[in-house]
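Please look at the structure on the screen while I speak about the packing of its side chains.

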Amino acid sequence: LQIYTRVNPYLIGMTLAGLWAVWRTHSKGWRPKPWQNALLAAGCVVTIATMIVVVVFGNGYLNHSLTSWLVYMWLERTVWAVCTAFFVFITLLAPTVLAQCSSWREWPLFCYVAMANKWFMGLRLWYISAQLSYSMYLVHPIWIVLIYYGWIMNNPVTFWWYLFYCAMNMVVSFAMALFLWLTVEKPFMLLRD
């Protein structure tokens, strides 16, 4: 498999969908045993910590060889996909478990994380980014390449500069995507309707 492909996250997502389909048909009335609850709670902590590490030690901050950068890129996508799949799994699993609990005091620990995830991902603010996601997908590589070849290749990268770079990347990409959405995508959607 090529390092630059996104086949690993795709396969992880497809595996999760298949496992969830099997799980739903064979797990009616399942309630986690104490060791399963502890394992799912530990999984939540490890997943959150792993996602933080992937962001903090991002590829823009690593000034190493091309080989180590390629290995990081492959691992980053795969690890991020596994973490996301775990959060999706516990978020889908929680309602089944919660239906058997008579009060919130009986909730297994992982259900609190799942409900917080469900609330956070259900916020109305994500609607805007969902509308702009394709435009952002199209424009953000342009901005990244401009910054990379204009600044990063010629100057040392510090941790704080990297955080500033990530924030600026989001702001500029969002602004460019909003412009593209308002001038191209939305007019064509109005024509379709």
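Predicted model: local features only at pLDDT ≥ 70, side-chain atom pairs only at ≥ 80, totals over all residues.

Cysteine 111 is in contact, meaning heavy atoms within 4.5 Å, with Ala94, Val97 and Leu98, once its neighbours within four places in sequence are left aside. Residues are numbered from 1 along each chain as its sequence is written, and side-chain values use heavy atoms, with hydrogens and water left out.

Let us turn to the nonpolar cores. A nonpolar core is a set of buried Ala, Val, Leu, Ile, Met, Phe, Trp, Tyr and Cys residues joined through side-chain atoms within 4.5 Å; buried means under 20% relative accessible area, with a 1.4 Å probe and protein chains only. The largest such core has 16 residues, and Leu40, Ile90, Leu93, Val97, Phe110 and Cys111 touch the most other members. At least two residues of this core come from each of helix H2 (34-56), helix H3 (66-98) and helix H4 (109-121); helices are DSSP runs of H or I, at least four residues, numbered from the N terminus. H3 gives the most, with eight residues. A second, separate core of six residues includes Trp143, Val157, Tyr162 and Tyr165.

Finally, consider glutamine 36, which lies in helix H2. Is glutamine 36 buried or exposed? Glutamine 36 counts as buried because its relative accessible area is 17%. Its side chain reaches the backbone nitrogen of lysine 33 at 2.8 Å. Not counting residues up to four places away in sequence, glutamine 36 touches Trp30 and Arg31.

Terms used. Buried < 20%, exposed > 50% of the residue type's maximum accessible area, 1.4 Å probe, protein only. Polar contact = N/O pair within 3.5 Å; in protein donor to acceptor, adjacent residues only side chain to side chain.
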